[in-house]
Amino acid sequence: MSASEAILARPAAEVRALPANVEAEAAFLGAVLIDNRILEEMTVPLRADHFFAPVHGRVFERILALIDRKAVVTPVTLKPYFESDEELKELGGTAYLARLTGDGQGLLAPRELAQQIYDLALLRELISVGRNLVEGAMDTSETVEPLKQVEQAEAALFTVAEGAQTGNEAQTFGQATRASLEMIEKALLSGGHISGTTTGLTSVNEKIGGLHDSDLIILAGRPGMGKTSLVTNIAFNCADRLRDDMARGITAKDSVGAAVAFFSLEMSADQLATRILAEQSGISSESLRMGRISREDFQQLSFASQRLAELPLYIDDTPGLSIGALRTRARRLKRRHDIGLIVVDYLQLLSGSGRSDNRVNEISEISRGLKTLAKELSVPVIALSQLSRAVEQRDDKRPMLSDLRESGSIEQDADMVWFVFREDYYVASREPKRPVESDDAKTHEAHAAWAAEMERVFGLAELIVAKQRHGSTGKVRLRFEARITRFSDLAPDQMMHDMDD
């Protein structure tokens with residue numbers, strides 16, 4: 001019995017049910033064993049679990065492992081690893097490895113063979129998804145939630161679109177190590193500060209190493225602190241870096257920028273765009289809204305608008321989204337635009353599935369859903385959050401983790417928690433009575449003392465990193481220009497002054 005006949009000697013129903021080409025798999029493996037360089041020319045991300053025949057998958061996995069160690073792979077060098085393989089014994093033992101290279105037909109079209117193996121694996125996974133979908137749809141019990149089934153089906157289809165995932169429940173430590181080394185290499189090439197996606201703020205990147213894939217970052221602050229402004233700045237910086245890198249010939253994979261999906265549940269898309277236009281043109285948002293601009297301002301605005309037209313920043317301002325609907329929309333954006341960062345403004349405006357009996361449990365479901373989304377799409381997710389009024393009752397207004405609303409689940413699910421704090425906001429609110437000439441010296445002194453304090457803190461902001469799984473906590477000092485809602489790094493002399501303090 002030939003190798004192909006032996007592998008295909010399975011129950012007829014199984015063979016008919018699942019599309020496969022075992023001969024193509026054998027020919028491709030034979031070609032790789034003759035010329036290892038074929039793997040360098042592959043155009044599809046072929047993995048061991050894409051092979052229909054398990055023994056072929058094991059052979060391919062061992063080939064990859066040996067090549068990763070810079071070894072030359074031939075039937076002879078593979079032989080020690082398969083002498084006790086029971087399935088291979090049924091095919092003639094280790095002699096089967098030599099037979100794979102017998103006719104060398106695979107050398108004629110190795111790319112096409114790899115593509116076919118990959119496509120057939122996708123079809124098998126699609127059949128599995130379809131079977132599960134039909135079985136679920138046939139269930140008419142009272143506990144069935146059709147919309148939940150639709151969401152699960154779309155998630156499964158997204159997984160198929162990303163690449164056949166059959167048998168990929170766990171990865172080897174070698175695969176994880178390679179991914180880790182790629183991340184470290186990216187940080188090295190970026191200048192030693194960014195191992196993930198850039199925030200566009202050097203001081204923040206130095207503190208956190210960039211935004212890491214699969215991380216959930218909670219950005220919180222009291223009203224008026226500028227949390228929406230900060231996350232808008234980060235979203236713009238990230239998308240702008242990707243566009244600039246690609247214009248210089250740097251691929252999206254090697255760029256520290258990324259396409260951004262911005263879910264704005266509070267502000268409309270045009271309001272958000274106005275903020276970005278104000279920041280980039282240097283014209284205040286208020287002047288833009290009121291139309292109080294000169295012809296020169298309008299020309300400057302026009303230039304900024306042209307520059308922003310091709311920005312890979314996608315805004316979804318649909319109000320009242322559920323966490324399930326948000327995840328569905330994010331998957332579509334990932335599939336269509338390969339987004340590398342998701343922003344949610346803000347967490348408390350999302351709704352849960354409706355099954356939770358109180359708001360605390362609903363917030364727990366939402367925060368878990370955001371963390372799951374970050375892992376599923378392998379992108380960082382920044383979610384804005386409100387703070388409780390407890391902050392206002394303290395002399396020191398700097399937020400703490402306990403100030404997060406319904407903080408237990410949010411704090412637990414988050415990989416990083418940031419707080420935005422602007423002391424000038426609180427100092428401004430404490431302005432004493434403005435003195436006039438007739439007032440006594442005490443009134444003049446009080447206002448002068450306030451003015452001196454206001455001058456010291458004006459335009460300064462703190463990003464407090466209250467939790468970070470990857471590194472230390474602490475604070476980063478930033479400059480905030482309220483007129484155009486822009487956060488930026490402090491000037492070098494101000495940073496040195498901060499260090500002296």
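Phe487 sits in strand β9, where strands (E, at least two residues) and helices (H or I, at least four residues) are DSSP runs numbered from the N terminus. The model is predicted, so local features need pLDDT of at least 70 and side-chain atom pairs count only at pLDDT 80 or more, while totals for chains, interfaces and linings use all residues. Residues are numbered from 1 along each chain as its sequence is written, and side-chain values use heavy atoms, with hydrogens and water left out.

With a relative accessibility of 4%, Phe487 counts as buried; the term stands for under 20% relative accessible area, against over 50% for exposed and partly exposed in between, with a 1.4 Å probe and protein chains only. Beyond its neighbours within four places in sequence, Phe487 is in contact with residues including Leu201, Met225, Leu230, Val420, Ala461 and Leu478, contact being heavy atoms within 4.5 Å. Gly200 lies 287 residues from Phe487 in sequence, yet their C-alpha atoms are 10.0 Å apart.

The view now widens to the whole chain. Its secondary structure comprises 21 helices and 9 strands. Of the 501 residues in the protein chain, 44% are buried. Among contacts between residues at least 6 apart in sequence, 69% join residues at least 24 apart. The accessible surface is about 25,900 Å², and carbon and sulfur atoms account for 52% of this area, as computed by the Shrake-Rupley method with a 1.4 Å probe, for which only the protein chains shown count as cover for residues.

The 9 strands form an open sheet of mixed pairing, in the order β3-β2-β4-β5-β1-β6-β7-β8-β9; two strands pair if DSSP finds at least two bridges between them. The edges are taken by β3 (313-316) and β9, each with a single partner strand, so one side of each has no neighbour in the sheet. On average, neighbouring strands of this sheet are turned by 25° against each other, direction ignored.

Within the sheet, β4 (residues 339-345) and β5 (residues 381-385) run parallel and are joined by 3 bridges, with Val344 opposite Ala383 in β5. Strand β6 (residues 416-421) pairs with β7 in the antiparallel sense over 6 bridges, and here Val417 faces Lys467 in β7. Strand β7 (residues 460-468) has 8 of its 9 residues buried, so it is largely enclosed by the rest of the structure.

Another 6 bridges link β7 to β8 in an antiparallel arrangement, with Leu463 opposite Val476 in β8. These two strands form a hairpin with 5 residues between them. Strand β8 (residues 474-481) is in turn joined to β9 (residues 486-489) by 4 bridges, again antiparallel, and Glu481 stands opposite Arg486 in β9. In the hairpin of β8 and β9, 4 residues lie between the strands, and Thr485 takes a positive phi near 50°.

Turning to the helices, α17 (residues 359-377) has 19 residues and spans 27 Å from its first C-alpha to its last, close to the 27 Å expected at 1.5 Å a residue, a value given by 1.5 Å times one less than the number of residues. Its buried residues include Ile363, Ile366, Leu370, Leu373 and Leu377. Just after α17, Ser378 takes a positive phi of about 55°. Elsewhere, Arg58, Val59, Arg62, Ile63 and Leu66 in α4 meet Thr77, Leu78, Tyr81 and Phe82 in α5.

Note on methods: Axes are lines fitted to C-alpha atoms, for helices over the stretch in contact, and angles run from 0 to 180 degrees between N-to-C directions.
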